[in-house]
Number of protein chains: 2
Amino acid sequence: MTSTEHQEHGRADAPLAGVRPTRQRLAVAAALEAFDDFRSAQEIHELLAQRGEKVGLATVYRTLQRLTESHDVDMLRTEDGEAIYRRCSDTHHHHLVCRECGATVEVEGPAVERWTSSIAAEHGYADISHTLEIFGTCTACTAG
Amino acid sequence: MTSTEHQEHGRADAPLAGVRPTRQRLAVAAALEAFDDFRSAQEIHELLAQRGEKVGLATVYRTLQRLTESHDVDMLRTEDGEAIYRRCSDTHHHHLVCRECGATVEVEGPAVERWTSSIAAEHGYADISHTLEIFGTCTACTAG
DNA sequence: GTCCGGTTGAGAACCGTTGTCAAATCCCCC
DNA sequence: GGGGGATTTGACAACGGTTCTCAACCGGAC
Ligand SMILES: [Zn+2]
Ligand SMILES: [Zn+2]
Ligand SMILES: [Zn+2]
Ligand SMILES: [Zn+2]
């Protein structure tokens, strides 16, 4: 558990809380702010390189992993299994994603949340998580 | 395009339609019938080996790929990106999957289907598809 | 300054998956 | 029954995303 580490350092509610805000970690966080779409770790690494920020690929992966675990970024998988990341709002939500351009809309569905947990309870499954993503073609891509 | 191949052979509605029902392909199909849970390609390959059916791993992958494309099996990805396969019912449904043992329950949620299409329409997205999977730990795995 | 644990990064390792291509197999027609 | 040509197979290599390794590198505490 990460919760056993000493938490006196850093604010408990900010991204990168409880860890050293190193140049590399701040750079990854900044890159995520720069994007509005889901991006792969390698794309983020590439953007950092273009910006002149030298950050090792392993560090990008480690940082994204940490941010995902702390729910500061959303991670989902493309059709072919690649992990992609996006800085999202704090509340639980899902995504409406354009399969052409990647434009993303956050969506909430309290009824769906209730439905999934009732289904799980009904069958005795514990420690539930769920994935729900909607893919389509946005207006811009339909027009273009 | 696979649609350019001659399709006169085989029934158009059966699994493996339009391709030679070779020993290997039949063995993979049989293995899928034997399982009631989602299984990875490598697990299926291993089962075939245990049964004495010698089928190359590449052939297992190729066959599963073909069956997935023809919608004769469902393919989804575990939380760490691995593809898993299952022979399912024909109607549209989603899954409640044990992340330990793969035990699967098919679930239907008409309300969810309606919700996803209304969300999509609301934002002007067209040509909609969606993924919805629920992961948890089944009673057997919780007990064990 | 020294200490010391957290952090980094280059590269290797890992692992699921796909590509390669010669050999085997099947199907059709003679 | 015996070619012949397309399909299929499988051992193995290659690939791509991700994680591991571990020596070097910080950066606060004292
Ligand atoms: Zn999100
Ligand atoms: Zn949800
Ligand atoms: Zn299914
Ligand atoms: Zn559905």
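Biologist: Is B:His130 buried or exposed?

Modeller: The model is predicted: local features need pLDDT of at least 70, side-chain atom pairs count only at pLDDT 80 or more, and totals for chains, interfaces and linings use all residues; side-chain values use heavy atoms, with hydrogens and water left out. Residues are numbered from 1 along each chain as its sequence is written, while chains are lettered from A and ligands numbered from 1 in the order in which they are written. Buried means under 20% relative accessible area, exposed over 50%, and partly exposed in between (1.4 Å probe, protein chains only). The relative accessible area of B:His130 is 19%, so B:His130 is buried.

Biologist: Which residues are the protein donors of the zinc ion (ligand 4)?

Modeller: Donors are N, O and S atoms within 2.8 Å of the metal (3.2 Å for Na, K and Ca); water is not among the atoms, so sites may look incomplete. The donor atoms for ligand 4 lie 1.9 to 2.5 Å from the zinc ion.

Biologist: How far apart in sequence are the parts tied together by B:Glu113 and B:His130?

Modeller: The donor residues of ligand 4 are spaced H-x1-H-x18-E-x16-H. B:Glu113 lies in helix H4 (residues 110-122) and B:His130 in strand S6 (residues 126-137) of chain B, so the pair ties together parts whose separation in sequence is 17 residues. Helices (H or I, at least four residues) and strands (E, at least two) are DSSP runs, numbered from the N terminus. The separation is thus 17 residues.

Biologist: In chain A, which residues carry the UniProt feature "binding site"?

Modeller: The feature comes from an unreviewed UniProt entry; positions follow the numbering used here, feature names are shortened, and annotations may be inferred rather than shown by experiment. The entry places the feature at A:His92, A:Glu113 and A:His130. These residues are spread over 39 residues of sequence but cluster in space, with a largest C-alpha distance of 11.1 Å. The names in the record are A:His92, A:Glu113 and A:His130.

Biologist: Which residues does A:His130 contact beyond four places in sequence?

Modeller: A:His130 sits in strand S6 (residues 126-137) of chain A, and its 19% relative accessibility counts as buried. A polar contact of 3.2 Å joins its side chain to that of A:His92; such a contact is a pair of N or O atoms within 3.5 Å, where within protein one must be able to donate a hydrogen and the other to accept it, and residues adjacent in sequence count only if both atoms are side-chain atoms. Contact means heavy atoms within 4.5 Å. By that cut-off A:His130 touches A:His92, A:His94, A:Glu113, A:Thr116, B:Glu133 and B:Ile134.

Biologist: At what distance does the side chain of B:His93 reach the backbone oxygen of B:Thr91?

Modeller: B:His93 is in the loop between S3 and strand S4 (94-98) of chain B and counts as buried at 8% relative accessibility. Its side chain makes a polar contact with the side chain of B:His95 (3.2 Å). The side chain of B:His93 reaches the backbone oxygen of B:Thr91 at 2.6 Å.

Biologist: What share of the residues of chain A counts as buried?

Modeller: Chain A has five helices and six strands, and its C-alpha atoms fill a box of roughly 50 × 45 × 25 Å along the principal axes. Of its 144 residues, the buried share is 38%.
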